[in-house]
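Subject: Structure for you to look at

Hello,

Here is the structure I said I would pass on. Please open it beside this message and follow along.

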Amino acid sequence: MENPSENTNQIRNQGHRSSIVEKVKNNLIFRSKWAELNGAMGDLGTYIPIILALTLAKDLNLGTTLIFTGVYNFVTGAIYGVPMPVQPMKSIAAVAISDADFNIPEVMASGICTAGILAVLGVTGLMQLVYKLIPISIVRGIQLAQGLSFAMTAVKYIRKVQNFSKSKSGSDRHWLGLDGLLLAIICACFIIGVNGAGDDNEYAAETESGANDASGSGNNRRKRLRKIITSLPSAFIIFLLGVVLAIIRGPKAVKGFKFGPSPIEVVKMSKHAWKEGFIKGTIPQLPLSILNSVIAVCKLSTDLFPEKDISATSVSITVGMMNLIGCWFGAMPCCHGAGGLAGQYKFGGRSGGCVALLGLAKLVLGLVLGSSLVKILDQFPVGVLGVLLLFAGIELAICSRDMNSKEDSFVMLTCTAVSLVGSSAALGFLSGIVVYLLLRLRKLYGGQSSSAICFHGNP
């Protein structure tokens, strides 16, 4: 005779499994196939230059990195149901490119150490506590600084010839040519013409008023034409154009393709590599990962997708788990990032299906082409990548427009200015905290009455 309690537990387990499967399906549903495909391109302006630079300068295993980041993309899309990006850890990448003695073992050791600390902060609940305590004005300052940094880097890509292997800008870019300034300007104008400012409700009022307006077929034709134009996958078209131009610029690279995945091997890390990785890589990367890859990305997710419950705890754990697995096999240390989320949202990404689609593309490229893909990426028009990065940076910076008081704006801009000039999100964060506390103390000890005209926002 069967035990009733066992039957009850089986039914509960089946219901729990079915609810998980249903949640994953809902997270991966496309709002629009073309829009999600377009959104998947929004993060490539940051991803490709960093990965390409490390491959050229430090012999990063591009095939292995594509395979692992492809899996990361798919899993995060299934878990969160939003276009959560997977980006290289920028501070670690910067050290690797600029320091001749900081090689792949040190890169992987620094990624593992950073991941371990983030995982501990997530599991213990400390990350969620930090998320709740940090004022929104400081988070907005970090987002604004990161957005402006992306935008300025993008302008540099557009204006100057780039040497990614040495992380240096060269001479001014020529106007004409397959990677000329004119090409980048045309691509930027095309994106603006198709996407505008990126407001989903941009034409909602016109459509509603048009339903009550019997002005004839002329307006209807214009509206149909506008609908066709705004439905074009602009970022995908631009990226496809870049691939075609890359093949034209370097036809010999295509002939030398070797199909098949790169060999995946465990990276050997000495005691010296662990020490150097932690000191030079983990210490400068950790504040950036906490502030931009966890705190800022959670705030931005709440702004863009208020119906989704994305906690700092879960994001911290997923960043930790990604690198605690992949870095042992030579995959570039990765994290989530507010800039990538803003970029994918800018170009139409609205679901986890957006990043899952990008993940499948990376996985296929890693398995089929492996490290041979670097020959094509090395010929990709950098000005075109700069255009994609420019709009991603602008979208992230625009998120700071919700500061309603002069006091909040003052804190935000202080944080932004110090972050940009000092090239350190941690320094900007500390400056923002100091200014925020000083303003609170000023109010507490009578500053409110004497400065009511200047600081009239909510405390």
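In which loop is Asp59 found? Asp59 sits in the loop between α3 (44-58) and α4 (62-80). Keep in mind throughout that this is a predicted model.

The backbone at Asp59 deserves a look. Most residues other than glycine have a negative phi. Asp59 is not glycine, yet its phi is positive, near 60°.

Next, the helices. Two packed helices are described by the angle between their axes and the distance between the axes. For helix α14 (residues 271-304) and helix α16 (residues 338-346), the axes come within 8 Å and cross at roughly 30°. Angles under 35 degrees count as roughly parallel, so α14 and α16 are roughly parallel to each other.

Which residues meet there? From α14 come Asn292, Ala296, Val297, Leu300, Ser301 and Leu304, and from α16 come Ala338, Leu341, Ala342 and Tyr345. Of the residues in this contact of α14 with α16, eight are nonpolar, two are polar and none is charged.

Is Glu276 buried or exposed? Its relative accessibility is 15%, and buried means under 20%, so Glu276 counts as buried. Setting aside neighbours within four places in sequence, Glu276 is in contact with Phe102, Glu106 and Gly281.

Regards

Key. Residues numbered from 1 in each chain as written. Predicted model: local features only at pLDDT ≥ 70, side-chain atom pairs only at ≥ 80, totals over all residues. Heavy atoms only, no water. Axes fitted to C-alpha atoms, helices over the stretch in contact; angles between N-to-C directions. Helix = DSSP H or I, 4+ residues; strand = E, 2+ residues; numbered from the N terminus. Parallel < 35°, antiparallel > 145°, perpendicular 65-115°, else oblique. Contact = heavy atoms within 4.5 Å. Nonpolar A, V, L, I, M, F, W, Y, C, P; charged D, E, K, R; others polar. Buried < 20%, exposed > 50% of the residue type's maximum accessible area, 1.4 Å probe, protein only.
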